[in-house]
There are 2 protein chains.
Amino acid sequence: MDPVNKHGDRPPEDLTARARIRDAALAQFAERGYAAATLRGVADAAGVSIGLVQHHFGTKDGLRRACDTYATDTLASLDGLGVAGGEITDSDFLARMFRHSPLILRYIARAMVDGSPTAATFFDSGAATAEVFLTRTWPERFPPGSDRARDAAAVMAAMHQATIVLHEHLSRRMGADVLAAENSARIGLAMFDVYTSMADFAASDTGAAIRDGARTYQRGTSAAQQNGPGDDRDH
Amino acid sequence: MDPVNKHGDRPPEDLTARARIRDAALAQFAERGYAAATLRGVADAAGVSIGLVQHHFGTKDGLRRACDTYATDTLASLDGLGVAGGEITDSDFLARMFRHSPLILRYIARAMVDGSPTAATFFDSGAATAEVFLTRTWPERFPPGSDRARDAAAVMAAMHQATIVLHEHLSRRMGADVLAAENSARIGLAMFDVYTSMADFAASDTGAAIRDGARTYQRGTSAAQQNGPGDDRDH
DNA sequence: CAACCGGCAATACACACGTATAGCATCCAA
DNA sequence: TTGGATGCTATACGTGTGTATTGCCGGTTG
């Protein structure tokens with residue numbers, strides 16, 4: 001049997017050599033990073049000559065841009081329901097992503113820390129979605145346009161995307177490939193556990209002390225960069 | 001004034017050319033990644049010849065290993081209080097890290113996704129710390145050695161380290177360098193907000209529905225996997 | 001048939017990289 | 001003074017890289 005879900009349910013024009021090259025590039029860029037990946041490696045993985053890679057994509061950067069736009073388009077096509085509405089369907093979105101193309105998921109994970117301009121768009125999209133969710137669900141805590149909402153949304157996006165970006169370490173630690181479809185729910189449940197537990201901690205005395213300490217520390221530094229007398233050891 | 005906190009409070013032997021090369025390598029590896037960084041670039045940044053880099057570190061991989069061990073030692077020296085005890089002094093640990101050497105922080109952030117073997121150790125250390133914290137604070141929810149505790153600890157480590165690994169996107173979105181010492185408290189406060197809010201969401205009807213859906217989905221897919229049946233709702 | 005054009009391979013080229021080697025000061029013990 | 005270490009530079013070498021060039025082959029069009 002040939003490799004499954006490699007060219008799963010894609011239109012037939014995607015089975016051309018050009019598409020094979022793009023898929024190979026997605027995999028190579030994801031596994032080795034842009035700098036370490038070579039055009040000859042991509043050509044070999046795609047089973048074509050290196051000349052054909054240039055014929056279709058011109059330069060190495062052109063190949064990367066093609067991968068970026070392909071990933072962006074695929075993501076946009078999956079954004080149709082749920083995410084665009086500002087719902088927190090993160091796990092559901094990922095589940096669909098797992099099924100559709102783990103290749104793109106791995107590529108995104110690498111691009112996020114590989115200097116790709118598309119990665120910034122992806123992160124900002126996640127942060128924007130989170131911000132809509134936060135301001136809609138708790139308008140009093142996160143007033144629309146406030147710094148508090150913006151900060152929380154950015155941090156929340158980072159925390160969620162961490163499960164993708166750090167999938168290698170996460171998988172090693174959990175003993176399973178967290179980018180495999182059958183394990184998507186496992187991360188979601190663990191995130192629920194972390195959220196509820198850490199909220200308990202935040203509401204506890206020590207949690208409140210830490211938060212207050214951070215608040216006063218922030219007030220001290222926001223005026224002048226010098227560290228105030230604070231540092232109040234939280235036992 | 002010369003660049004501050006570049007060779008801040010380090011022993012005098014660190015001001016040798018060898019140390020300057022190491023610092024330049026830390027910066028170059030962090031900014032460009034291992035593959036894209038060049039020995040000539042490191043030599044230029046350190047103000048020495050490329051031959052001296054080889055004289056001190058032999059090969060490029062030797063230079064990377066030297067950076068890894070230096071980062072590891074620095075981390076270990078900061079682990080003295082708080083973290084080793086299993087406390088969740090994450091923000092405090094980071095605050096000290098910010099002050100001591102933002103250089104190493106940036107290096108760690110890159111190494112985490114650049115295939116460095118040290119990065120695995122760093123992640124595992126964070127996950128182990130989190131696991132101790134979870135099992136100590138909520139022993140009934142996270143029994144020591146259970147899959148549930150291990151999963152939650154790994155995800156929690158990933159979520160916390162995300163603020164470092166994704167510092168570039170986070171900083172762009174928040175309009176400030178999140179790896180700067182004066183902003184360390186800001187992330188901590190945002191994380192508190194996210195935790196409390198998402199815990200509310202997890203406790204809501206839709207949150208419970210999502211969790212139950214994930215549970216049944218997971219039961220459907222994990223035939224061989226054994227998770228203790230004693231998961232059920234902890235009120 | 002002839003001209004042509006896109007898919008594709010083979011090869012050549014210039015360059016930057018990591019690495020190896022040789023040399024030059026300075027210092028310090030014998 | 002001699003003679004090696006030591007810190008450091010300069011330069012050469014081989015290789016792998018991205019890219020450019022050339023040409024072949026099959027199908028379409030005039």
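Visitor: How many salt bridges does the count come to over all chains?

Guide: A salt bridge is taken as a side-chain nitrogen of Lys or Arg within 4 Å of a carboxyl oxygen of Asp or Glu, and by this rule the count over all chains comes to 20. This is a predicted model, in which local features need pLDDT of at least 70 and side-chain atom pairs count only at pLDDT 80 or more, while totals for chains, interfaces and linings use all residues. Residues are numbered from 1 along each chain as its sequence is written, chains are lettered from A and ligands numbered from 1 in the order in which they are written, and side-chain values use heavy atoms, with hydrogens and water left out.

Visitor: Which residue forms a salt bridge with Asp124(A), and where do the two partners lie?

Guide: Arg172(B) forms a salt bridge with Asp124(A), the closest N and O atoms being 2.7 Å apart. Helices are DSSP runs of H or I with at least four residues, strands are runs of E with at least two, and both are numbered from the N terminus. Arg172(B) lies in helix H9 (residues 167-174) of chain B and Asp124(A) in helix H7 (residues 117-137) of chain A, so the pair joins two chains. Asp124(A), Glu131(A), Arg150(A), Arg172(B) and Arg173(B) are linked in a network of salt bridges.

Visitor: Where do the partners of the salt bridge between Asp200(A) and Arg141(B) lie?

Guide: The side chains of Asp200(A) and Arg141(B) meet at 3.6 Å, N to O, and the pair crosses between chains, from helix H10 (residues 184-203) of chain A to the loop between helix H7 (117-137) and H8 of chain B. Asp200(A) is partly exposed, with 38% relative accessibility, whereas Arg141(B) is buried, with a relative accessible area of 7%.

Visitor: What is the nearest side chain of opposite charge to Arg110(B)?

Guide: For charge, Lys and Arg count as positive and Asp and Glu as negative, while His and the chain ends are not counted. Arg110(B), in helix H6 (residues 102-111) of chain B, is buried yet has no salt bridge, the nearest side chain of opposite charge being Asp114(A), 4.4 Å away. Contact means heavy atoms within 4.5 Å, and, leaving aside neighbours within four places in sequence, the residues in contact with Arg110(B) include Val113(A), Asp114(A), Phe29(B) and Glu31(B).

Visitor: At what angle do the axes of helix H8 of chain A and helix H8 of chain B cross?

Guide: Axes are lines fitted to C-alpha atoms, for helices over the stretch in contact, and angles run from 0 to 180 degrees between N-to-C directions. The axes of the two H8 helices (residues 147-165 in each chain) come within 8 Å and cross at roughly 95°. Angles under 35 degrees count as roughly parallel, over 145 as roughly antiparallel, 65 to 115 as roughly perpendicular and the rest as oblique; H8(A) and H8(B) are therefore roughly perpendicular to each other.

Visitor: Which residues of H8(A) and H8(B) meet?

Guide: Ala158(A), Met159(A), Ala162(A) and Val165(A) meet Ala158(B), Met159(B), Ala162(B) and Val165(B).

Key. Buried < 20%, exposed > 50% of the residue type's maximum accessible area, 1.4 Å probe, protein only.
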